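Hi,

Here is the structure I promised to pass on to you. Have a look at it first, and then read on for my notes.

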Amino acid sequence: MLYLISKYKSKLIYKYNRFILTDPNYFIENKSSFFYQFIYHIATKYSAYIQNRMLFLVGPKLSYLFGVLQLEDKNYQKSHIYFSKSHQNSITRIPSLIKIADYFYQNDESEYKNIIETSFIQENLTNGITDSLMNWAWWETSHSNFINLLQKQLNMLGDIESSASTNLRLLPNHTSHLGHISFLKKYIDYYSNVDKDRVIGIWPDVSANKYYLNKVIESSPLKIEFYPGKPPSRFSNIDLVDRTLYSKMPNGNWRIEYAAGSFSGQEFPELSPQKSRLLSITSDEDSLAEYYLDKNRINKNKWFVCLHIRQAMPGSKVSIRAEDADINNYLSFCLTVNELGGQVIRMGDRNFPKLPKDYPAIDYAYSDFKSDFFDTWLWGRCRWWTGNFNGACLPSLTFGVPRLITDAWVWDVNGPSTDYILPKLLQRIDTNYTFGIKETINNKLSRNTKKERFKDQNLILLNNLSEDLEVAAEFMYGKTILGQEVESKAIKSENVLAGILKVPSSSPVMSIPDFFSKKWFNNPIGENSSNSG
């Protein structure tokens with residue numbers, strides 16, 4: 001041990017200083033590093049001794065790292081002891097609070113409520129604590145828990161006395177990710193109808209797709225102000241700030257945005273194509289796109305479907321999440337589209353697996369003509385878009401293109417009535433019992449996207465079957481190419497999933513196709529009377 005410490009002394013000092021002075025999560029995300037392995041050895045082998053006799057000597061940041069290591073070994077009580085200590089430090093305070101809240105959310109409801117009551121206070125609206133708890137609840141808890149916390153946050157915002165006499169609203173989160181640009185478009189669609197004098201401020205330099213963002217900007221009837229660089233992480237006057245989850249209406253009330261609409265009971269008219277200013281592709285854009293199609297020997301006379309399956313690879317820059325699916329499971333889907341006279345263009349990027357040469361789809365994600373422009377053209381010109389829930393599922397919505405959301409997790413139905421979803425199914429590992437709609441929505445993990453969390457709770461998410469995806473291709477062909485009326489599509493008043501999610505009957509909703517509902521939920525409105533919970 002002394003030899004190892006001597007040999008790697010300079011590297012250990014550098015790594016430890018980075019950990020102590022900057023980001024404690026750095027080493028948790030680099031598990032192959034020597035420093036991680038060294039601390040892991042100390043934390044696991046001498047854990048009992050440290051906790052019983054030396055905890056007072058361990059600094060808050062090191063306590064945070066020890067706590068995470070214990071958590072990964074499922075030593076939940078030991079991890080909580082370390083997090084309680086690391087909570088005392090300004091840098092590790094917020095991540096430690098999240099770990100503590102998560103621990104009690106899973107294990108002690110009364111203690112969890114205490115954590116929330118003491119954390120959701122006015123001063124925490126500006127120091128990052130409330131926003132961090134909301135981010136955690138969005139990715140790792142349930143529909144009901146998330147909306148309850150969001151309502152608490154909006155109630156606190158409502159208690160702030162507005163001192164600003166301006167029409168300006170700052171939107172710091174609406175350009176940084178692809179899906180967020182689409183949220184910006186829907187935000188504009190809504191407020192251009194109810195607050196025509198509104199001025200919005202955005203940060204275009206951080207845009208995930210500048211070409212797409214420019215189309216959104218050019219189509220906006222609202223005045224837009226532009227700010228350089230990155231948006232601030234904190235705002236002193238939060239009353240002026242709208243987020244992708246909420247916004248302030250002209251009457252002073254706070255509105256939940258459709259991204260967080262489940263359980264809100266709100267209407268979202270901006271999701272109706274008839275009440276939106278849809279983006280469009282110009283003839284000049286078509287001409288430029290045809291040049292690239294010809295150059296890459298893609299048949300410009302065939303209709304095409306966009307396929308975007310989020311599938312993070314180990315070691316890539318994209319995190320592995322519960323909503324991920326397997327592109328190989330879509331082989332029959334692609335073959336069916338080809339047999340029906342179309343072609344499939346696989347979208348995404350090089351963080352996803354490369355398609356085999358004989359795969360019946362054009363691997364645009366790995367092509368040399370992939371660009372912001374061509375992404376935008378594909379979203380606007382495909383006959384329909386297919387993929388799982390991720391930011392890339394949203395741009396086609398702003399063009400009014402029908403979508404088939406497959407391997408859908410987290411369950412949601414807020415969207416145009418022209419869109420359909422094939423949800424993942426929640427199942428117990430030990431009994432193979434498949435949950436019904438109510439059970440799934442009411443589960444404590446109904447918003448969770450961490451795959452390992454399901455396994456810890458004896459649960460697994462079932463991906464869509466290849467045979468169901470094949471039928472779905474025929475279903476969408478009939479709807480979009482042949483122009484057929486969809487057989488007995490569930491009306492909103494009878495849409496059980498929408499009802500459980502408290503979506504008003506007057507608000508646009510997506511539906512589960514009949515063939516899928518009948519197979520998995522025993523009737524066309526997606527409710528299994530024998531296991532609905």
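This is a predicted model: local features need pLDDT of at least 70, side-chain atom pairs count only at pLDDT 80 or more; totals for chains, interfaces and linings use all residues.

Strand 7, residues 343-346, runs parallel to strand 8 and is joined to it by 2 bridges. Helix 16, covering residues 372-381, packs on the sheet and touches strand 6 (304-308), strand 7 and strand 9 (384-387). The direction of helix 16 makes about 120° with that of strand 6.

As for the whole sheet, it is open and has 6 strands, in the order 8-7-6-9-10-11, with parallel pairing. Strand 8 (362-363) and strand 11 are at the edges, and each has a single partner strand, so one side of each has no neighbour in the sheet.

Next, the backbone. Most peptide bonds are trans, and most residues other than glycine have a negative phi.

- The peptide bond from Trp409 to Val410 is cis, with omega near 15°. Val410 lies in the loop that links strand 10 (403-408) and strand 11 (420-423).
- Asn458 is not a glycine, yet its phi is positive, at about 60°. You will find Asn458 in the loop between helix 19 (451-456) and strand 13 (459-462). Its relative accessible area is 25%, so Asn458 counts as partly exposed.
- Lys502 also has a positive phi of about 60° without being a glycine. Its loop runs between helix 21 (496-500) and helix 22 (514-521). With 49% relative accessibility, Lys502 is partly exposed.

Finally, the cysteines. How many disulfides does the structure hold? The count is 0. For Cys306, the closest cysteine sulfur belongs to Cys382 and is 3.9 Å away, which is too far for a bond, because a disulfide needs the two sulfur atoms within 2.5 Å. Cys306 is buried, at 0% relative accessibility. Cys393 is buried too, with a relative accessible area of 3%.

Best wishes

Methods
Residues are numbered from 1 along each chain as its sequence is written. Side-chain values use heavy atoms; hydrogens and water are left out. Helices (H or I, at least four residues) and strands (E, at least two) are DSSP runs, numbered from the N terminus. Buried means under 20% relative accessible area, exposed over 50%, partly exposed in between (1.4 Å probe, protein chains only). Two strands pair if DSSP finds at least two bridges between them. Contact means heavy atoms within 4.5 Å. Axes are lines fitted to C-alpha atoms, for helices over the stretch in contact, and angles run from 0 to 180 degrees between N-to-C directions.
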